[in-house]
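Let's take a friendly tour of a protein model. Have a look at the picture first, and then we'll go through some of its features topic by topic.

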Amino acid sequence: MSDQDRDNPRRDFLRKSLTLIPVVTVASTGLGGSMLMATPEPAQASPAKAPASEKAYEPSYFTAEEWAFINAAVARLIPADAQGPGALEAGAPQYIDRQMNTPYASGALWFMQGPFNADAPPEMGWQSKLVPKEIYRLGIAATDSWSKAFNGKTFAGQDSATQDDLLRRLEAGGAETGEHFAAVPPKIFFNLLLQNTKEGFFCDPIHGGNKGMVGWTMIGFPGARADFMDWVERNEQYPFPAVSIRGERA
Amino acid sequence: MATIMKKVDAVIVGFGWTGAIMAKELTEAGLHVVALERGPMQDTYPDGNYPQVIDELTYSVRKKLFQDISKETVTIRHSVNDIALPNRQLGAFLPGNGVGGAGLHWSGVHFRVDPIELRMRSHYEERYGKNFIPKDMTIQDFGVSYEELEPFFDYAEKVFGTSGQAWTVKGQLVGEGKGGNPYAPDRSSHFPLESQKNTYSAQLFQKAAADVGYKPYNLPSANTSGPYTNPYGAQMGPCNFCGFCSGYVCYMYSKASPNVNILPALRQVPNFELRPNSHVLKVNLDSTKRKATGVTYIDAQGREIEQPADLVILGAFQFHNVRLMLLSGIGKPYDPITGEGVVGKNFAYQNMATIKAYFDKDVHTNNFIGAGGNGVAVDDFNADNFDHGPHGFVGGSPMWVNQAGSRPIAGTSNPPGTPAWGSAWKRATADYYTHQVSMDAHGAHQSYRGNYLDLDPVYRDAYGLPLLRMTFDWQENDIKMNRFMVEKMGKIAEAMNPKAIAVLGKKVGEHFNTASYQTTHLNGGAIMGTDPKTSALNRYLQCWDVHNVFVPGASAFPQGLGYNPTGLVAALTYWSARAIREQYLKNPGPLVQA
């Protein structure tokens, strides 16, 4: 990983105190909104415009401590870098918080009748009794407790390199996490966090993520255009910017 | 106590393709028909309204149109020695829900069948000898021939508005150099519409396949290449390759569905009634257990309703048909130890392999462009188009690029070795999302003594009834074929000269993975055939044991096909409906004497 912004003090400050930052009004992209100061750097290298946001979002499910974790973690999973804005700038934390109030987060889309066999092999699919809301609550507490055991700092308080290291160890199964993860397997927590972060980076902005369509712009996905009759047979780069369901243009 | 409704001539369980076709055919014959669909009413408006439907999170990721498995799912185990566990999240397969069923959210690849696959056991025994078929492989003949089904394939394509290129029509060569398939059986007429355009990815596959000596052809697609009006007067608009096809309601009226192609005609007739939110619990039998008297269902308010009928059509998804037969006591349940019984027997799937090729930025595959049925394929290794003798496995596989549209949350992929997150993931995703080709070997899957369906002893649905249990795993023949197909398709991928290749094939000893999407092409469990000892249905899809119950659908296939099943499902349903109209209604009783 070659993050140009690693340990950039300003970004670090922004990340930790995100909910406290006042917003500044700017002439925006036609949304009539204002802009959060978490502008990606270096701005001139970013292919996408800076993201726009209405005002600082107040989480409805996550506690202040959990919210600090979510903001810190998504900024490492999809960092702002030379490629453009990351998941934090795209509004992934807001997206994930909003998802916590949907049937999905309560496990209502899944068959959740017992008995459960949480130790079944992976090819048997999801066999845990846990649902996304619980996985976040337990997983964030476990990660912070594990993180504090190193140097007294929560995950959000660690520097970027340490955060990346902790995430890599969770991804690998976190065998060394010990009793901190007694209630939730590290891999289940990590996979859910990564999946939801990618959703928040790439979903239609109507769901609260992918602000300014920065995720789509990065990869060249045209969003809700959904009409390519004249482009089917061509070996050419598609020239038009993304549009959203609400009609915003990137 | 159940409320008893007025008796009707025919009740249809499920309103997907088979339910809609049967409803149309039986109302044409003058019957009063009621269709019971357990899911909600759905249609192009409002469910496929633009731009709301262009929403990957809601449809592909949260799976809006698929079966609500919080109420009822299946349990799965790999062998009789394992304890089955519920399929708690949709993964390997995605059955539909609501009006249109899986026919509303399918892709639209619309094949016929390779004629030898209808007489699979006879053909292999004739060409390779009886000992070539593994001992526990229970493949059978369908009991109906391609020649008998041809008029029904032809009519179904006209109803669906299918785009494609014939190879021969009435024996005359018409498709050479135009994208026809030299391995395709003869046809009585051209496709209703010419082939769809080919994406750049499909063009790359076409050239590479020809370069290595294979014979590429255009996939037959139930996505329209132009405007179309079908024999029922239903109108379709030209497909614009929007890329939101499989898993979505088509906003363009371009993808054939029961909702677009058949329901508008049924709405015009007074002798048809569609009742959504009606969940059928069982087929009711009389005291002899040889005749059905109707069905019992739960309505939207949870009330138990009995619908008496002279004729019962089970037109639900493959495994729901089998479960309803088991719950109702129709036919003898299959026992894998003795090999006796028929209901649940010969459960088969699809044997998939995928290769992804990654390119530099001068190759613009623009993977957001797509249509579910379009593409370029080769049949050089499908069915029995090559000599299986030296290879020692049964079955074949078409191979293709079928670019249906990939979207960013679930549809990005990177070369092997790329991290799953961080700046390296970001860079690779930006570099490769619009510069990659995905190709599939869509292998036929055979039936085996140990792969079967029955009722689960532990888990129950929201109404207290046992879930269906799948006992299923890959067998040696499947792995052998899969590895052979990967090698053959690998030659095409290499001929494209990509920067990197990812191979997703089966390894020796690999178990069925319930979490990873493969296809929704599930077959068997209520199979058709010529002998009541080895099949649940006769060649007209009529239950051997209960003559006024007919069971159309892929549940009737004795084994899986190389091709996608919907074309054969539709043709068999029209074939069965013809038999009901011309023979059964005049003289209700068994159409074939056991």
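This is a predicted model: local features need pLDDT of at least 70, side-chain atom pairs count only at pLDDT 80 or more; totals for chains, interfaces and linings use all residues.

UniProt annotations may be inferred rather than shown by experiment, and their positions are given here in the numbering used for this structure.

**Domains on chain B**

- UniProt, in an unreviewed entry, puts "domain: Glucose-methanol-choline oxidoreductase N-terminal" at residues 234–348 of chain B.
- That span, residues 234–348 of chain B, is 17% helix and 30% strand, and its end C-alpha atoms sit 34 Å apart.
- Another UniProt label, also from an unreviewed entry, is "domain: Glucose-methanol-choline oxidoreductase C-terminal", and it covers residues 451–572 of chain B.
- Residues 451–572 of chain B come out at 22% helix and 20% strand, with 24 Å between the end C-alpha atoms.

**Helices that pack together**

- How do helix 1 and helix 14 of chain B pack, parallel or perpendicular to each other? Helix 1 (residues 17–28) and helix 14 (residues 566–584) of chain B meet at an angle of about 25°, and their axes are 9 Å apart.
- Angles under 35 degrees count as roughly parallel, so helix 1 of chain B and helix 14 of chain B are roughly parallel to each other.
- The crossing of this chain B pair, helix 1 and helix 14, is right-handed.
- Over in chain A, helix 4 (residues 92–99) and helix 7 (residues 186–202) cross at roughly 115°, and their axes come within 8 Å.
- That angle makes helix 4 of chain A roughly perpendicular to helix 7 of chain A.
- Helix 4 and helix 7 of chain A also have a right-handed crossing.

**Backbone details to look for**

- In chain A, a cis peptide bond links A:Gly114 to A:Pro115, with omega at about 0°.
- You'll find A:Pro115 in the loop between helix 4 and helix 5 (132–151) of chain A.
- Chain B has a cis peptide bond joining B:Tyr45 and B:Pro46, where omega is about 5°.
- B:Pro46 belongs to helix 2 (residues 44–47) of chain B.
- B:Phe241 has a phi near 55°, which is a positive value in a residue other than glycine.
- Look for B:Phe241 in the loop between strand 10 (235–236) and helix 8 (258–261) of chain B.

- How many cavities of 30 Å³ or more turn up in the whole structure? The search finds 8.
- The second largest cavity has a volume of about 180 Å³.
- Its lining is made of 16 residues, and B:Phe111, B:Ala184, B:Arg187, B:Phe191 and B:Pro220 are the ones nearest the centre of this second largest cavity.
- Sorted by type, the lining of the second largest cavity has 9 nonpolar, 4 polar and 3 charged residues.

Note on methods
Residues are numbered from 1 along each chain as its sequence is written. Chains are lettered from A and ligands numbered from 1 in the order in which they are written. Side-chain values use heavy atoms; hydrogens and water are left out. On a 1 Å grid over the protein atoms alone, a cavity is a set of points where a 1.4 Å probe fits but cannot get out, and a pocket is an open set with protein on both sides within 12 Å along at least five of seven lines; lining residues have an atom within 4 Å of a point. Grid points are joined across faces, edges and corners, and a volume is the space filled by probe spheres set on the points. Ala, Val, Leu, Ile, Met, Phe, Trp, Tyr, Cys and Pro count as nonpolar, Asp, Glu, Lys and Arg as charged, and the others, Gly among them, as polar. Helices (H or I, at least four residues) and strands (E, at least two) are DSSP runs, numbered from the N terminus. Axes are lines fitted to C-alpha atoms, for helices over the stretch in contact, and angles run from 0 to 180 degrees between N-to-C directions. Angles under 35 degrees count as roughly parallel, over 145 as roughly antiparallel, 65 to 115 as roughly perpendicular and the rest as oblique. A crossing is left-handed if the near helix is turned anticlockwise from the far one by less than a right angle, and right-handed if clockwise.
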